[in-house]
Amino acid sequence: MRTDIEIAQQANMQPIVEIAAKAGIAEDYLELYGRYKAKLSDELYDKLKDSPDGKLILVTAINPTPAGEGKTTTSVGLGQAMSRLGKKTMIALREPSLGPVFGIKGGAAGGGYAQVVPMEDINLHFTGDMHAITAANNLLCALIDNHIQQGNELRIDVRRILFKRCMDMNDRALRFVNVGLGGAVNGVPREDGFIITVASEIMAILCLSSDLEDLKKRVGNILVAYNYDKMPVYARDLHAEGAMTALLKDALKPNLVQTLENTPVIIHGGPFANIAHGCNSLRATRIALKLGDYVVTEAGFGSDLGAEKFLDIKCRYGGFSPACIVLVATVRALKYNGGVKKEELKTENLEALRKGLVNLDAHVENMKQYGVPVVVAINRFGTDTDAELQMIENRCAELGCDFSLSEVFEKGGEGGLQLAEKVIAACEQPADFHLLYTDAQDLKSKIKTIAKKIYGADGVLYTKGAEKSLEEIQQLGYGQLPVCIAKTQYSLSDDPTLLGRPSGFDITVREVRLAAGAGFVIVLTGEVMTMPGLPKKPAAESIDVVDGKIVGLF
């Protein structure tokens, strides 16, 4: 089979104005970025805001292997299949980050014959949204250091600056740095560090803002530091919000592209789910719901991370109610959760698969807690055996959960027709969507609820620093905010080595941060890196340009 990029480069793309017309978007509402990409203007949503919403379908997954389990591929293939069935379908996805593109996990444009195109553009610079977010983030950092250099009227305590610089690349050498070391005119010396752009609060703000004024307000609410009197200093105190909003003005507009089968796709925003909230933007989802009878969207990593945050954060702020949750499961991920090393996942191992099925059980049960019908999509890989696939299907039946084999990677929309039919049927079932916790619960109660009901933990332990931060956040009046828990994607626990369905463990909260602009409290557990590193053999080593064409990009 050809590589992803070879398939994508031979795609029969339609001009984006034709894709827009298929979705009911007039050319006047497009801001073109060449022939195959466009941003959707602010006026489009204003025109559609009173139109009825379509049905929202959330695609999530079990705990993955390091290579991922094809969640985006399933989302794209499902959308293509629904279009083949004559349904007016929109797909709403996140934007890729350059970190995993050049690292180990790959991009976020799907794979095989279930891809979004132009694939190279989407996975690299796209329409510049990531660069705009990076620039806005680092403008605020520059303003902080300049304010201190110019006399520090706000009396910012350089030991308690919370906001870090960012870049959209895995670069572990920048996790901890010292700045301002070049003498009196080059800044006040202090400790600093970089995070990856997709972990920045600016990214979260972009994805949760309803319009430009809301964006500016949220940017102004970023807690950047404390002063020597232990009082908070916000971005608005530095008069930073106007210039930052100017940098983000165009990035706030969702992007329109297409699948290999010319189904319309809106791609916008891309926060990681293990260290951020893992969903595309509110604006992208809202406009997709106005344009499509069915909207297929995804949340990052497993349901314990991406789906929980989609449901408890994004749906809380956006007022969304999913009609169906699609849970992607694979033979290899279940064997991985059953103790098989990643190098041996291609070999049939029914005993390991049987052990790993408890991970599927947990994710199905977790999603059903939200009152939404669940359909398991068994994403087929070429090395899967009939016996292994049958074992998963038998377990789904035991769980009373509808399921379907998905072969969209190899066959495109045709390989997802049965899955699409199951999902459409699930969308017609009654749903009683509800959040896992209320705004009124205190922060510790919210954390405990997620830890026990989603992770299966016995309880929650806190470091002294985390306890102090929680107390400060409560005192500042932010106790009503939802919580965004950062943890490993490989386990239901905060320990990546505890696979399957661990029990008898506690979650340890080591740090708590206030994202006042985004509107949630970040709770860090385990050893989650907000600036990942590259693997021993990065994907970047295989990427090249030959005769003017990009090669080796998956």
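**Cysteines, strands and a bent helix**

Modeller: Let's start with a pair of sulfurs: the closest cysteine sulfur to that of cysteine 427 belongs to cysteine 324, and at 5.0 Å it is too far away for a bond. A disulfide here means a pair of cysteine sulfur atoms within 2.5 Å. Before going on, this is a predicted model, where local features need pLDDT of at least 70 and side-chain atom pairs count only at pLDDT 80 or more, while totals for chains, interfaces and linings use all residues. Residues are numbered from 1 along each chain as its sequence is written, and side-chain values use heavy atoms, with hydrogens and water left out.

Back to the sulfurs. Cysteine 427 has 4% relative accessibility, so it counts as buried (buried is under 20% relative accessible area, exposed is over 50%, partly exposed is in between, with a 1.4 Å probe and protein chains only). The structure holds zero disulfides. Cysteine 396 is in none either, and its nearest cysteine sulfur, in cysteine 401, is 5.7 Å away. With 0% relative accessibility, cysteine 396 is buried too.

Which way do they point? Val374, Val376 and Ile378 go one way, while Val375, Ala377 and Asn379 go the other.

Next, the neighbours of E18. Strands count as paired if DSSP finds at least two bridges between them. Strand E17 (residues 324-329) runs parallel to E18 and is joined to it by five bridges. As an example, valine 326 sits opposite valine 375 of E18. E18 is also joined by five bridges to strand E19 (residues 402-406), again in parallel. There, alanine 377 has serine 404 of E19 as its bridge partner. To get from E18 to E19, the chain passes through helix H15 (residues 386-399), making a right-handed β-α-β crossover. Right-handed means that, with the strands pointing away from you, the path from the first strand over the helix to the second runs clockwise.

Helix H14 (residues 350-368) is worth a look too. H14 has 19 residues and reaches 27 Å from first C-alpha to last, close to the expected 27 Å; the expected span is 1.5 Å times one less than the number of residues. H14 bends by about 30° at glycine 356, where a bend is the angle between axes fitted to the seven residues ending at a residue and the seven starting there. Glycine 356 is also one of the buried residues of H14, which include Leu353, Leu357, Leu360 and Val364. For a picture of how those side chains can line up: an α-helix has 3.6 residues a turn, so residues three or four places apart point the same way.

One of the pairings is valine 509 with threonine 525 in E23.

Finally, some backbone details. The peptide bond between valine 117 and proline 118 is cis, with omega about 5°, and proline 118 lies in the loop between strand E6 (114-117) and helix H6 (119-123). Arginine 155 isn't a glycine, yet its phi is positive, about 55°; arginine 155 is partly exposed at 38% relative accessible area. Aspartate 547 also has a positive phi of about 55° without being a glycine. Aspartate 547 sits in the loop between strands E24 (544-546) and E25 (549-551), and with 82% relative accessible area it is exposed.

How values were computed: Helix = DSSP H or I, 4+ residues; strand = E, 2+ residues; numbered from the N terminus.
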